[in-house]
Amino acid sequence: MGTWKNNDGLYIKYGTDEVVPAVVGEVLAGAGDLHEVEIDLVYTQIASASSPKILNDTVIIPDNAFIERVQVVTLTAWDSSGDTFVLNLGLIKTDRSTEHDYNGLIAALPQASMDPAGEVQEIIIGHTYVGAKVGTVLADPGYITADYDTAAPTAGRSTIRIFYRML
């Protein structure tokens, strides 16, 4: 129903916009300084390419984070009209309006790479669908976004893990 920034600069949601669109969390993943952000992504939470959707308002990838890899574990096979859905995962700056890179983590991962259930994609440098921010250090912090190209998904669920180190 609506959102706005109050005089303190806080982002306020009301009505149906108060619903958290995805379950997202961050943990320290093992020894050293490896961080893991985990996203439970369901097809209904993905916006179109014309308006990438912020998946969570409290979890950000900080500046000086080196994005090591992204893992996609398919829980429910993805589907769409004509089997042409492709997933983009990226970042938007914390002002919520400036694009960091909307496909900077995953660039056009096709439906066939998320079907059947149980399929795992390790997206690292050299992977066909790696985004431009993987293998780089972020200059600015960003919220995680998701969108699709070609066709809207009609089914699908994946656990997505973003691994990064602080430099």
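Predicted model: local features only at pLDDT ≥ 70, side-chain atom pairs only at ≥ 80, totals over all residues.
Student: Why is the contact between Glu 36 and Arg 161 called a salt bridge?

Tutor: The closest N and O atoms of Glu 36 and Arg 161 are 3.3 Å apart. The cut-off is within 4 Å for a side-chain nitrogen of Lys or Arg and a carboxyl oxygen of Asp or Glu, so the pair qualifies.

Student: What makes that pair a tie between separate parts of the chain?

Tutor: Glu 36 sits in strand S4 and Arg 161 in strand S13, so the bridge ties together parts that are 125 residues apart in sequence.

Student: Is Glu 36 called buried or exposed, and why?

Tutor: Buried: its relative accessibility is 14%, and buried means under 20%. Arg 161 comes out at 22%.

Student: What links Arg 157 with Asp 40?

Tutor: Another salt bridge, with N to O at 2.7 Å. This one also links distant parts of the chain, with Arg 157 in strand S13 and Asp 40 in strand S4, 117 residues apart.

Student: How many salt bridges does the structure hold, and which residues do shared partners join into one network?

Tutor: The structure holds 9. The network consists of Asp 33, Glu 68, Arg 69, Glu 122 and Arg 165.

Student: On to the backbone. What makes Asp 83 stand out?

Tutor: Its phi is near 55°, a positive value in a residue other than glycine. Most residues other than glycine have a negative phi. Asp 83 lies in the loop between strand S8 and S9, and it is called exposed because its relative accessible area is 53%, with the cut-off being over 50%.

Student: Where is Ala 108, and what is its phi?

Tutor: Ala 108 is in strand S10, with a positive phi of about 60°. At 30% relative accessible area, Ala 108 is partly exposed.

Student: What kind of peptide bond joins Asp 115 and Pro 116?

Tutor: A cis one, with omega about 20°. Most peptide bonds are trans. Pro 116 lies in the loop between strand S10 and S11.

Conventions. Residues numbered from 1 in each chain as written. Heavy atoms only, no water. Helix = DSSP H or I, 4+ residues; strand = E, 2+ residues; numbered from the N terminus. Buried < 20%, exposed > 50% of the residue type's maximum accessible area, 1.4 Å probe, protein only.
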